[in-house]
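Dear colleague,

Please find below the structure that I promised to pass on, together with its sequence. My notes on it come after.

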Amino acid sequence: MSLEATKQNSPAVSFNPQAPGYDANPYPVLDELRTKTPLVYWEQGRGWLLSRYEDAIAVLRDAKRFTPNKDMWEFASVLGNVAMIPELTELSRTGLFALSGTDHARVRKLVSPALTPRAIERLKPDVQALIDEVIDEAAVKGTINVVSDLADRIPARVIGSMLKIPKGRETLFQRFTEASIKNFLPGMLRAEEVEGLRTDIREGIALVRETIEDRRKNPLPDDILTTLIQTEEQGDRLSTNELLSLVAALIVGGFETTVHLIGFTTYNVLQRPELRAQLKTEPELLKNVIEEVLRFDNFGKIGVARYALEDVELSGQTIKKGQMVLIMLNSALRDETVFPKADTFDVRRNTNASIAFGHGVHYCLGANLARLEVQLAVGTLLQRYPDMQLVSPPTFAPHPVIRRMETLEVALRAQ
């Protein structure tokens with residue numbers, strides 16, 4: 001289907017995630033989308049915007065007709081990895097998003113034991129020690145930027161520690177992560193940005209490859225990478241490329257979600273005095289707070305992408321084979337039909353229906369790790385500095401697909 005024909009079959013929509021104010025509060029725009037045009041073609045992003053919960057679940061569940069594999073996109077030849085960032089081609093070819101059916105199930109089965117809640121719980125003492133270290137270093141300032149002083153540094157150290165990466169290489173991981181995330185909607189990038197991304201991705205992949213080879217020669221006890229290398233099921237092991245894709249995905253997922261969730265959770269707690277009072281008497285409520293932040297104030301701008309494997313009728317529209325659907329998780333998680341009083345932050349809300357970490361066969365494998373890091377980071381901060389105060393509202397940096405909080409100034413002790 002041509003872009004012209006698609007536009008004619010689709011109501012006009014004004015959606016600009018780069019517009020001033022969208023990062024601070026995207027919800028008026030999302031509410032309008034969800035109520036007026038819940039499935040609409042967005043020309044600038046070259047894909048359909050899907051904003052209702054019911055439709056989001058339908059697409060996320062439908063692994064037969066929708067895939068997260070970007071190679072299936074109608075614009076893959078001009079805007080896919082091969083055209084834009086060939087270094088990512090091999091990674092994406094053997095990644096969990098690209099694998100389908102039995103291959104996907106096989107790899108996921110081999111990987112899952114290393115990332116179960118019990119396996120992640122064993123990391124707790126090490127993660128806590130790293131968080132204490134980062135907070136100690138930052139606290140000497142008195143007033144800190146939660147984003148750069150804590151959120152940016154904690155996942156870097158945790159992933160570095162999990163993979164036993166030599167200290168000092170974490171910044172390379174961070175650049176690799178940023179570059180990978182920005183490539184999510186390549187059509188939104190300026191040409192001059194792409195070359196810089198290619199360099200960061202190339203160097204990041206080289207470091208991951210080097211780390212895997214080192215661990216093959218020098219296996220370590222109680223080590224997640226050694227576990228992944230040695231895991232075997234009926235004689236079946238992960239290939240080097242599958243390992244490379246998985247470790248890269250662990251780095252990207254482990255960084256991105258955790259960095260933003262630490263910032264957004266801290267902000268949502270600090271602007272609600274009654275919530276802070278509750279957390280002082282019931283610190284275990286922090287788990288609920290994190291789930292409600294993911295639902296109520298999701299850091300994504302665009303959501304997650306799926307590509308149609310055949311023509312699909314949905315909400316009165318025809319999604320053509322090869323077209324991209326952008327599942328707007330931030331909108332779906334504010335859908336009143338599923339979450340009563342969706343625009344109210346409710347720490348005791350039942351969030352079992354949340355799709356913040358995806359749904360179905362592609363549910364995020366790193367969700368347990370992200371939750372643990374955020375819980376320990378924000379919990380430790382609140383415990384050590386119960387009277388800390390916001391100095392000013394957060395500011396946001398330009399980013400194609402993330403509401404990227406740049407500063408969150410907090411005075412650790414009451415002034």
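What follows is a description of the model, starting with confidence and going on to the sheet, the rings and the charged pairs.

This is a predicted model, in which local features need pLDDT of at least 70 and side-chain atom pairs count only at pLDDT 80 or more, while totals for chains, interfaces and linings use all residues. Residues are numbered from 1 along each chain as its sequence is written, and side-chain values use heavy atoms, with hydrogens and water left out.

The mean pLDDT of the protein (the predictor's confidence in each residue, from 0 to 100) is 85, and 87% of the residues reach 70 or more. Over residues 1-8 pLDDT stays under 50, and the model has twelve contacts beyond four places in sequence for this stretch, a contact meaning heavy atoms within 4.5 Å. Where pLDDT is low, the predicted coordinates should not be read in detail.

Helices (H or I, at least four residues) and strands (E, at least two) are DSSP runs, numbered from the N terminus, and two strands pair if DSSP finds at least two bridges between them. An open sheet with mixed pairing is formed by five strands in the order β1-β2-β8-β5-β3. Its edges are β1 and β3 (66-67), each with a single partner strand, so one side of each is left without a neighbour in the sheet. Within the sheet, β5 (residues 304-308) and β8 (residues 324-327) pair in the antiparallel sense over four bridges, and the bridge partner of Y307 in β8 is M324. Strands β10 (residues 395-397) and β11 (residues 404-407) also run antiparallel, joined by three bridges, with F396 opposite M405 in β11 and a hairpin of six residues joining β10 to β11.

In helix α3, the residues Y53, D55, A56, I57, V59 and L60 are buried, a word used here for under 20% relative accessible area, with exposed meaning over 50% and partly exposed in between (1.4 Å probe, protein chains only). Their cover includes β2 (47-50), β3, β5, β6 (312-314), β8 and α18.

The whole structure holds nine aromatic pairs; rings of Phe, Tyr and Trp (its six-membered ring) pair if their centres lie within 6.5 Å, and planes under 30 degrees apart count as stacked, over 60 as edge-to-face and the rest as tilted. One of these pairs is F15 with W42, edge-to-face at 5.0 Å centre to centre and 80° between the planes. F15 and W42 are both buried, and ring pairs link F15, Y22 and W42 into a cluster. Y53 and F339 form an edge-to-face pair too, at 5.8 Å centre to centre and 85° between the planes. Because Y53 lies in helix α3 (residues 53-61) and F339 in the loop between α18 (329-332) and α19 (367-384), the pair ties together parts that are 286 residues apart in sequence.

A salt bridge is a side-chain nitrogen of Lys or Arg within 4 Å of a carboxyl oxygen of Asp or Glu, and the whole structure has 26 of them. One joins the side chains of D297 and R403 (2.9 Å, N to O), which lie 106 residues apart, D297 in the loop between α17 (286-296) and β5 and R403 in the loop between β10 and β11. D297 counts as buried at 9% relative accessibility, and R403 is buried at 1%. Another joins E137 and R153 (2.3 Å, N to O), and salt bridges link E133, E137, R153 and R157 in a network.
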